[in-house]
Every structure is written in structure tokens, then in C-alpha cells.
Amino acid sequence: MHKLFLLIFIMACLLLGACGKGDDVAQAPLKTYRHSMDHAPGSLDPAQTSSIYANFIVVNLYDTLYRYKYLARPYQLEPNLATTLPVVSDDGLRLTIAIRKGVYFIDDPAFEGGKGREIKAADFVYSIKRHFDPETRAQGAWLWQGRIEGLDDWQTQGSDYDQQISGLRAIDDYNIEITLTRPFPQLVHTFTQGYSAIVPREAVEEYGQGLGNHPVGSGPFKFSSRNSSHAIMAKNEDFRKVPFDLEHEGYNAATQGNLGLESLQGRYPPFIDQLVIEFISEGAARWNSFSAGEVQFIKVPVVNFENVLSSVSPITLRPELADRYHFDATPEAGFIYTNINMADETIGYNEDEDRNQRNHALRCAIVKAFDWKKNNDVFFHGIGQVFPGIIPPFSSEFQADANQDYIERDVEGARELLQQNGWNSENLPKITYGITNTVTEKQVFEQLRSFLTEIGYPPEKISPLIFASFGDYYRAYSQGKVTLINTSWTMDYPDAENTMQLFYGPNASPGANSSSFNSPEYNRLYEATSGMAESPERTRIYRQMNQIVMDECPSITGITRTMLFLWDKNVHMLPDRSFLGGYFMRFVDMTAGDVTTQ
Amino acid sequence: MTRRLLYGIPLMLGVTLVSFMLMVYFGPDQTYELLGKNPTAQQITEVRHSLGYDRSFVVRYVGYLKEVVTLNFGLSASSGESVTDILKRTLPVSLALILPGFVLGNLLGLGFGMLTAWYRGGWLDKWVMTASVVGMSVSFLVIIIVLQVLLCTPYGLNMFPVRGWQVHDIGSWLYYVSVPTLALVLVTLGYNTRFYRAVMVEEIERDHIRTARIYGASPFSIMFRHVLKNSLVPILTRVMYSIPFVVVSGSLLLESYFGIPGVGLVTFNAITSGDQPVLKAVVSLTGILFVLVMLVTDIFYKWVDPRMLRS
Amino acid sequence: MGGPTDVAVVNAALWHRFSKDRFGISGLLIIVIFAILSLCVWFGILGQGWAQTSGSYWASASMEHWFGTNRLGQDILDRTLVGAATALEVGFSVTLFSILLGVVLGAISGWRSHSWLDEIILWAMGVLDSIPFYLFAAALAFAMRGQYFAMHLAMILTFWTTTARIIRAEVMRLKQREFVEAARAIGLPGMTIVFRHILPNTVHILLVQATIIFVVAIKTEVILSFLGLGVSNGVSWGLMLAESSQEVLTGHFGNFLAASLSLFALLMGFNLLTDALQDAFDNRGKIV
């Protein structure tokens, strides 16, 4: 009897539950945009925004000196808190930057009287100094290490914030002067990153490491709350009123005309009242969430490409989806490659000249064995862009007609190399391939192993090294414990200098040069070009350096992913995940307040 | 009772020591999670120092014990949020997630157990037993995947959300908790039914119950007044002892699959990233909870059956 | 009553009873089939092509690939067979060692009950029981730097406690019996009494426990592999399920069906066996 009652009770609950569908986060009719990200950010302290996810959010909560134009492609710098691009001295060593007046931090108990005060140039100086204070646990110091006069010394002298630095100072309340140790044309780009966001000293002193969860900024949005599945931000009503100008932001009516952006002209961003970002790392859950209308934007997981696209070349959306959604297929600003650990003498540099040569042949055989087409097809749905070397397709130095041998699969050639250099199944070295414990990475490994077995590499000699977290994996390969290092690089700014440094000798592990590649010629050329801005001369040299890398075969490189974005047609925006990144949120607008479908 | 309480202390020490060694001492080094792109050796040492890795084992362990006693675990190394705050917001969520399934699963199991014990050997018994075996042979994972497809996606009924937890009243709570609850009930029902049935059968076979049956006493009075009361001890033991685990690890799969921001998910993220403050807090909490449960169960025993005192 | 010869008689009667139970026999049969398949895998007769990728991704069932292929073009049938071998290997080793450990510690604890040795063992059980299992498994996986046997160790170290508690209770109960008193009177050392006289009377309990642990071990491996804490190099049903959780929503059910159905079959086999054994042993009181 009571069992029956229970059953009825359950059914009632389920029915009630179904009726409950359609309720929402905000009670009042706020314009809420729901974004989805494929990973959760860690700390929201600008000094710790090493992931693009944290960076994405931080640039909405804080101000940086510069950003990129919303709609211009290729990306163009645009002043944010600064008033104009910097005034640079003739020798390229001194920059003067003026900042806007009348920009205030949000109200917070950390300030006197709880009211947010005006931002001064000194705040910028303070924010950069923080990166050189061990207490901060900062992650951005490498951008400015050794570049700004007096900054490194400031750290060795004890990081006293009241001490002035000659190369980084506030001339007055609204002007900053920076003196470099050598020319650094990419400096302005570094001031678009979350690392350079401006934090108030009062908040840092009040909250310490807790600042990571208690942002106090001057950006277009204010932090409301955050947990492991989402972050909520509210419009900052006091954000400076700068009218939106389509042309200025680089609008191209031909390619962007269907996005409904004309209605933004002349209005003051941010246009939405509330910003909710859902962190959904499981592709299936993210896709379900998006199809159900729970989020309005998605970076489509690769497994779903086939039910989203009707064709791959040209990339076309399925008609039933094209009715409801806008889409954008854009290459990621970065690439994926597999480094070979040159510091391992069984496969890399070896003092014995003969062994050194044989190792070289082995590496090149491994590179030849890799089947980029299959890798692209399986893991990137065939729309990734494979390219030889380390100059990715969207760099201006890219050579579309370059020799493709480096990425062409050549099983016969590989076998020949092995045979001619005395390699056989007995003496081939054991190699380890590092992965973190996710399904896709295991599949990538299994595919690589099958590529190598096809050229005669004994499968028992190829083993995965599983790491439970990325940090663990990072540590292991930084300490030279992994032979084949599958890694990716996301560019920090749209300048190929950022990828060239990946093979610069002194950047060897634990630095970004995880293969510990060290070619004196390459290093020399890198140093020679380090102060150069983009130019035909620099392009020529970069291509030369690219060839040096490929000749040595220290890396199986590379592929640039093509990302697919889908977003609801009610939302008027051009989303971005690269350099513009989170900056586009302030320009998002929606027609019908909050979207609840069905 | 004081003896039990004293017994809890070496237990806590043991739990904290073992967990400390495994998770905090041998566990993942969070340094590399917190480094930027081009770290120098000096930066690495700095971060390690600020995370406390360079201090000796004993120093760190004693520090940990102090934290347990004062219940102050500091700030999460990943996000900077205070651990107490994290627990304050995640524990209620995990409870709200697990309780309905836990309670329903046990109630239903009890109900079925009583029914099948009473009608032992009949067709109902056989059907329920077969269903239980089937239920016990399906992996929790499979159930979750299937339910999500069937109930939350356009491929199925699409009545419930795929993930999320935006709960502010009963209606929204039911909306988000239904599918996880269903999954939990389906997974535990088989086990629960069999357990309760076994316990009931043991009681029912007793002579005085058999006699009562023969004399035509109503099933209700027999089941509830005699059988249930006498079976209270094993039932309660089982329920009580499953509480600490249900709260912490039972919710892990559900939380990660349905994106529910509860303790299980936070803990799991902390494990994989090596966020020590959070880990220390969670482990200590389960240890304390376990000891508390032991105490409470003991008190309950004495209240229910003074005969337990003798053993 | 309760000496060696009586045990043999009872056990013989039990097997007779058991053999009449159709469900139990079918369960046993399922297990035997899986065992044979696993042996074939271990001896290199079946499932050897599980790692081989091919160009036909997501192929449906065909003559060449009886269960179709997965994302990398690998044969799902081969992977399922190797998964079975993994499941049985994990189940077997975990069951064996946790029973052994549980029996030894439980016996010592029960024989010397309420001594300080007993207290220590009980304390150890309490400690291990109060650490949430998945935390423990994850922690071990880390501490052992992702070694394959970290998973086995985590399970063995936590599963032995149930067996130990049961054995402890049984030993404590049985040591009051006359045959034990008699053995003591003769002057037999404690451990001999325990292992040669008391424990044989617990074989039926142990058998049932073993089948239960086997099931739990396999289920746990599935979840651990799904979470990334279990099998990493090689195949297991847990890994296949992990792969499939993303795939089912794009209409690729091969991995999911193969893994979940075989898992279900094996677990059913064991659960039926457990039931039959329990039924047979429950009724042993009626024989004597």
C-alpha cells in the first residue's frame, strides 16, 4: 500500500519538476547573455591569468591599457584605458602612454569609505611591479623579464613597492613612461593581456591571494559570483561612456553584415545587464546544453562537427541549424605539435658524432612516419590546417607555397632512414609519450603508436606516460622525463616572434622550448631579429630559421585547429577566442531579453 | 561513550596521517599548475616556497593538525577562495542532490524488502529478485549515460536539463534533481532491496513471528510492530555508516556528469590539481563525520536495545 | 561437530544442492565462457588487433569487423575481448589478495579479540573505511605516479576490511565451540587451530564474499577508468565507456553497446552465482 503511495509521490515530483522548466536565474527581466567555455578558470587575479579562460573573464572585470578592435581582421591594436597608441622615441627605447581621466574602480570595502577611487598612472606601475614580487605568485613576469630598465633589480632588491623604478614610472597622475633595455616592438601587445590589467593596491593588501576570488576592477562588468560550474557578472553602470563606432572598430559589411551589428552604432557599451559564463568541459554536456538553449554560444566539440556541418570544403552549416544559428569557422591562434626531447641522448643531441647523426636520422624517420592526414581527419574533422615548421598559417610570414615534405607521410623513406643508419627493432630506443589522462589524448597516443609500428618500431618500445593533471605532465617534461612531448602553443600576440621563441636555445626546459632545441645559428638569428618589427627582411630571416628547425627534425609540427562557433541568432555579436578574446563581451547585444526556447 | 569518543582520536590521527601522506605529500605538485609559460628556475622555487613544499614533513603535518583543530584551512591555492566558503556553498548542494535519492532508494528498498520477505518464494519475490540482480549488474555509469540521453536530450524526452544547478525554490530543485535522483535510486535499489529482504527474512523466520502469522495477525501489525523494530539495528547501522560516503564520494560521478557544483566535484578537481587546502579540509571532514556517525550510532543502539550493552 | 570430516560432508551436500539451481549454473557458465575468452586473449589467440588503427572510422558491423570500429578505426570486438581479459584479471587479483589479507588479519584479530593487536587492526580498518574511496584511489594513482597496479592496490587496501570483519566475527563465534576447546586442550598452537579447524568452516562465507568482491572490483575498475584513475595503457570496458560517453550523442553506439552489454553479462553471471551460493549455504542448516 505504502509502496503505491510512494510511487504516486515520485510521479508527482517528476511532473512538478517538468513544470518547473523555464524558470531562470534572474527574477527581474534582465538582459542576460549566457556564454559557454570549455574549461573552468582558476584564479581571477590578473597576475595569475595564465589560461585563456581566466584571461577571458579578467579582461571584462578589469581595465588594460590596450585591447584589439572588435571587428577588424587581422587584429588591430586599439587603446582601452590608454588614450592613444604610445608615443615612441626614435631609438625605440622610451614609450610614453597617456591614460584616460575620470575612470573609477568599483566600490569595495577595501577602499576608504567603501567608494572606488579614480585610476592613476601609478596603479598601472603597481600592477606590473606585482609580477616581480614573489608574494604574488604571478605568472606573467616572463613577458617583461629583462626588458624594462630596473624592474629585475627591483625584485632582487626586495620588491619594495614604495621604491621607484627608473624604467617604469608614472610621470604624473595620467602619464606613464617606460624605458626599455632594448627595442621590443611587441611591448604594446603585452599590454592587451590580462596580466597587465590594473589592480588597486588597496584590494591586494586587503585580500592577498583571496583577490583571485574577489575581483576589484574598473572594467565593463562587475563580479557577482562564481562556482565550479559558472561565473556571473553584472553590468558596471559606472563604466566610462565611450560611444560605439562601427567603422572605427573595423566593420566589414560584406562579411559581417548578417550579424545585426548596425543597431549598435552610437550606443554605449556594455549592452547587456548580466553575463553568465558556464564552464562545461565535457563536449557532450556542452552540446546538449547548447541545443536545449541553456547557453547561447558554443565552441562546437570536435565530435559534433559531423552533425553540425553538411560539408567540409567549403565549411557549410547544416540547413536546419543555419536557420537558428550564426556560425563562424576560424583558425585558432596557435598550433599543436609534438616535440622530441633533444636533451635525451638516446634520441637527441649526443656527444658522439656518429650517434648524433644516427639520432638525427631516427628523428627524421619518426617525423616522416606521422600521418598528418589521418590525425587531422580523426581529431580535427579534417578541417585543421597542417603546415610545415613553426610559422602557422595566419602569420604574415607564412609561406603558402612552401615545400610540404616535412608534413608528407613517407613510410618507405622512413624505413630507409632507419635501415641506412643501422637502426633495427633490437637497438631502437624506448620512447615515452606524455599524456594527461583524458580519452582523447589516449586516442591520440594510440594513433601515434600505430603510425610508428608501421615503419617497424616495436610497439612494446612505445609507451604512454600518464599524468593525472596537466601540471604533473608539465613538470615531468620540464625535467626532461618525457621523450615525445605533445604540446600546444597559444599565441600571446599576433606576431610571429611569439612562435620563433619556441625554439630559442636559452628558452629550453623549463621554458617554452620544451624540446630543448639548441642551434647556435638559430639562436644568432633570433637575437639579431629580436628588436625588429614586421618587415620583409624579418620575414626572410624567419623563414630561414624555420628551415633550420625542420632540418634538425626536433619536432613533429604542426597543425592549427579550426574552431567552429555557433551562436543564437537573437544574439548580435562576433565572438572571438583568440587575441580579442573576452574583450568582445562588452559589445554583445541581444534582441529578445533572455532566450528561453520551447 | 567516552570510550568511543577517545577511540575517535587515534582514528582521526590515522585518517589525517594516511591522507596527508598520500594526497598532500606524495600527491600532485601544484607548482606547475600555477606557473606561467616561460618559468625560470627561480620562479619555480618561489612558487614552491609559497605553497609550502619546501618545509619538512613533520612541520607540514603538525600545521595540518592545527588546521583541523581550528577548522581553518585557509584559501584555495587554485582560486583564492576561502576553503570554508567553498565548503559552505558546496556542502548544501551535495546534500540537496543526494538526499532525495538516498532516502527514496532506502525507503523503496525497505518497502520491496518487506513485501518480498512476507511473500517469500512467490512470483512477486522472484520478479523483484530478478530485477534486483539485473539492477546490480548495470554500471552506475551506464545508467547515467542512458538516462541523460533518454530524459535530457532531443533524442529522448527532453524534459529535464542536461546539467546545471540553478536552484532557488522547490520547483527548480525538483527540475534539476530528478534525473540524478532517478539514477541514484536505480543503482542502489537492487542492493537495498536485497539487504532489507535478507534482514526481514531473518526476523520473519523467527518462531514467534511464524506463530503470529499462523494465528492470522495482519501483515501490517506484524511487519511494523515486530519485524521492523527488531531489524532496526542492522538497518540503522547500514544507513548510518553509508552517510559519510554518500555525502562525499557518492555524489562525485553525478556532480561531474551533471555539472552540479557540490563537494564531490570540488574535491575531485582539487585532487587532480593538487589543491592542498581543499583536500585537507575534505579529508578531515569525512574523518570527523565518520567518528560522529560512530558515536551517534552507538547512542542509538543503547536507546533501541539495552541488550547491546553487554557485547 | 565441526571437525574436518563433517566439513567435507556438508560441502558435498552443498554442491549437490547448488547443481540443482539453474540460475546458478547459468551464471557459472557465463563466467566460464568469459574465462575461456580471456585465456585466449592472454595466450595471443584472440583480440590481438585491438591497437591497430585503420582508415574506416565508425564502421558499422561487417564481416571484417563483427562489432564495427571506433573513432580510430580500431576493431571493437577485439577491444571488447581484451576488455574482458582486463576485467577478469583485475577482478581476480583484487579478489584474491583482498580475501587473503582479510582472512589473515581477520583471523588474527578474531582469535586475539580485545587484545591490543585486535585494537590496532580494528583501528586500521576504521581508518581505511573513513577515507572516501575515490580520494584514496586518486591519491594512490598519484603517489605511484600512474603505475598500472595503483588501482589494484587501492581496491585491495580498501576491500579487505569487509572480509576481515566477517572473518573476525566468525572466528570469535566459533572459538567458543567445543571442538576448539578440545583442540586447545590437546595443546595445539592458536594459529594452527584457526587455520586448520576454524577457517574451513568459513569457506562458504568466503566463497560468497569472493563473488561479491569480484563484482565490486570490476564495477570499480569501470568507474576508475572512466575518471581517468584506472587502466591507462591498454583497453578496459571502463575506457570504452569513457570513450562512448561522448560518442553516443553523435549516434555512435558501437563502443557503448559492446562494453555495457558485455559488462552486464559478466556481472549478471557473478551475481547469479552469488545468489545460488548463498541459497545453497543458507539451507545447509537443513541438511545436518
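The legends below accompany close-up views of a predicted model.

**View 1. The contact between chain A and chain B in the predicted model.** Across this contact, 49 residues of chain A meet 52 residues of chain B. On the side of chain A that touches chain B, α1 (2-19), α8 (283-291) and α15 (470-478) each supply at least two residues, and α1(A) gives the most, with nine residues. Sorted by class, the residues on this side of chain A comprise 19 nonpolar, 22 polar and eight charged.

**View 2. The fold of chain B.** Chain B has twelve helices and zero strands, and its C-alpha atoms fill a box of roughly 85 × 60 × 35 Å along the principal axes. Of the 311 residues of chain B, 49% count as buried. Where residues of chain B at least 6 apart in sequence are in contact, 70% of those contacts join residues at least 24 apart.

**View 3. The pairing of helices α11 and α13 in chain A.** Helix α11 (residues 353-369) of chain A and helix α13 (residues 411-420) of chain A have axes that come within 8 Å and cross at roughly 165°; because angles over 145 degrees count as roughly antiparallel, α11(A) is roughly antiparallel to α13(A). The crossing of α11(A) and α13(A) is left-handed.

**View 4. Residues between α11(A) and α13(A).** From α11(A), the contact is made by Ala361(A), Leu362(A), Cys364(A), Ala365(A), Lys368(A) and Ala369(A), while α13(A) contributes Val411(A), Gly413(A), Ala414(A), Leu417(A) and Leu418(A). By class, the contact of α11(A) with α13(A) has nine nonpolar residues, together with one polar and one charged.

How values were computed
Residues are numbered from 1 along each chain as its sequence is written. Chains are lettered from A and ligands numbered from 1 in the order in which they are written. This is a predicted model: local features need pLDDT of at least 70, side-chain atom pairs count only at pLDDT 80 or more; totals for chains, interfaces and linings use all residues. Two residues are in contact if their C-beta atoms, placed from the backbone, lie within 7 Å. Helices (H or I, at least four residues) and strands (E, at least two) are DSSP runs, numbered from the N terminus. Ala, Val, Leu, Ile, Met, Phe, Trp, Tyr, Cys and Pro count as nonpolar, Asp, Glu, Lys and Arg as charged, and the others, Gly among them, as polar. A residue is buried if 20 or more other C-beta atoms lie within 10 Å of its own, exposed if 12 or fewer, and partly exposed in between; C-beta atoms are placed from the backbone. Axes are lines fitted to C-alpha atoms, for helices over the stretch in contact, and angles run from 0 to 180 degrees between N-to-C directions. Angles under 35 degrees count as roughly parallel, over 145 as roughly antiparallel, 65 to 115 as roughly perpendicular and the rest as oblique. A crossing is left-handed if the near helix is turned anticlockwise from the far one by less than a right angle, and right-handed if clockwise.
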